[in-house]
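Here are a few notes to read alongside the model. Please keep the structure open while you go through the points.

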Amino acid sequence: MKAMRARWLFPAFAFAALVLMLGGCGGKPEEPKQAAASTDTGGSSKGDFGPPQGEPVDAVLTSPPNVPPPTGRTAPAKVIVKLDVIEKEMPISEGVNYTFWTFGGTVPGSFIRVRQGDTVEFHLRNLPESKMPHNIDLHGVTGPGGGAASSFTAPGHSSRFTFKALNAGLYVYHCATAPVGMHVANGMYGLILVEPPQGLPPVNREYYVMQGDFYTTGKYREKGHQPFDMEKAIIEQPTYVLFNGSEGALTGDKALTANVGETVRLYVGNGGPNLVSSFHVIGEIFDKVWFEGGTRYQENVQTTLIPAGGAAIGEFRVEVPGSYVLVDHSIFRAFNKGALAILKAEGPEDKAIYSGKEVDYVYLGDRAAPNMQAVATAAASASTGELSLEEQINAGKALFAGTCATCHQPEGQGLPGVFPPLAKSDYIAADPRHVPTVILHGLVGKVRVNGQDYDSNMPPMSQLTDDEVANIATFVLNSWGNPGGRISKAEVAEIRQAKPAGASAGH
């Protein structure tokens, strides 16, 4: 037994001697470097800074994408937060309405900003017009249910509870009334930022962006009012994946803005209820990402995962001007379900960093337009049976930009020898129904246009709705010297059912 013990002890002594030798040669061994945040609070054990000081403070709440100013306080305070639950119908896409359940009348709900150590007195009011009871679960609350059990509120009533913000970080809040998934899927989520005691480092711009997945009975962009679809939600097949509650909420004339040389901080949340976000800014690299909304950051990050019910803080400095596209890099969600936003940066170019060229239709698609009001106007007129030719053309022009312009070019000129022209096209003049047919079913094999043969593969665009195809086709027929005419939604529905010879199965 002694011999065995000696054999085990010898390596230990040898290791100790080795450590002493290393210490004599160069000091103590270097520890692995940890990317430390500028704000290390040490966790909740250091989050109680005593009772509130001074008079109570009313929290400044902001609607997305705006962020309240820093608290600017050096001592804990009693902070009063007043938040209303509002059930309201709003656009989820152009010409598509949905009944959202909201905190503060927006999706996501109002941004809340407090300081670590604050005592928060939370008032939740459910408006009398509501049809459902609601409550709130704040992930920044230490206590069972995150406040949910203390805030169950029937329509026309209000609730109040108090909590101390012990942990610094960026936290999701959401409704937790049964069925919880349905309440979250209808837009009941938002973010609360608990600043560390010394605050966050100052930046030039701060924005509030939150992803959510939505489940409607109709297909993507199907016009009219769309009810919630519980079956789609249960099997996790969303119709839309969106930033800030509606397609186009942060594009066109509602895009985020910045100037060259500025540092932008994004507070990004994921309400879910189901999907994980692969958040990415095309053309930028995050200088810092406080992953999972905590107090440590990673540097030089391309894409960051944000779980459902989670958050992250990302920063980058804008070096060159242009349009930077924010996406969920599960990429079909961006270009076919709506998870796309734009930050428009202005300022002088720097050819040493980037040679320059504005991001074109490949990434921006129909969101390159200032807005999509023409589509919404056409949808509203179509619903009343008063859709004019001009309205159809204007809507088709906006949709063409994102669907067709990359290959056929913005003025319909095509690419010589590759993609046939749509301008002054004898192929279109021979039969105007060629346009909706090819949009819906694609085209493979040789086709002769304006005396030149083309043999490329046009993939079917069957994801487009009947009215979208009708509007694009009508725009093409009435542009660039084509013969004019009009394609109706009913005609498109008929064409959709009949697969012609030469149809493409895709690339």
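Which are the buried residues of helix 6?

1. They are Val-375, Ala-376, Ala-378, Ala-379 and Ser-381, in a helix that spans residues 373-383. Buried here means under 20% relative accessible area, exposed means over 50%, and partly exposed lies in between (1.4 Å probe, protein chains only). Helices (H or I, at least four residues) and strands (E, at least two) are DSSP runs, numbered from the N terminus.

2. A word on the source: this is a predicted model, where local features need pLDDT of at least 70 and side-chain atom pairs count only at pLDDT 80 or more, while totals for chains, interfaces and linings use all residues. Residues are numbered from 1 along each chain as its sequence is written, and side-chain values use heavy atoms, with hydrogens and water left out.

3. Back to helix 6: the cover over its buried residues includes helix 7 (389-403) and helix 11 (466-477), with contact meaning heavy atoms within 4.5 Å. After helix 6 comes Gly-385, which has a positive phi near 75°.

4. Two strands count as paired if DSSP finds at least two bridges between them.

5. Strand 21 (residues 340-346) deserves a look from both sides. With strand 20 (residues 322-328) it pairs in the antiparallel sense over 6 bridges; Gly-322 stands opposite Ala-345, and Leu-326 has Ala-341 as its bridge partner. Strand 13 runs parallel to strand 21, joined to it by 4 bridges, and there Ala-258 is partnered with Ala-345. Strand 21 is mostly covered, with 5 of its 7 residues buried.

6. Is Ser-323 buried or exposed? Ser-323 is buried, because its relative accessible area is 6%. The side chains of Ser-323 and Lys-344 are joined by a polar contact of 3.2 Å; such a contact is a pair of N or O atoms within 3.5 Å, and within protein one must be able to donate a hydrogen and the other to accept it, with residues adjacent in sequence counting only if both atoms are side-chain atoms.
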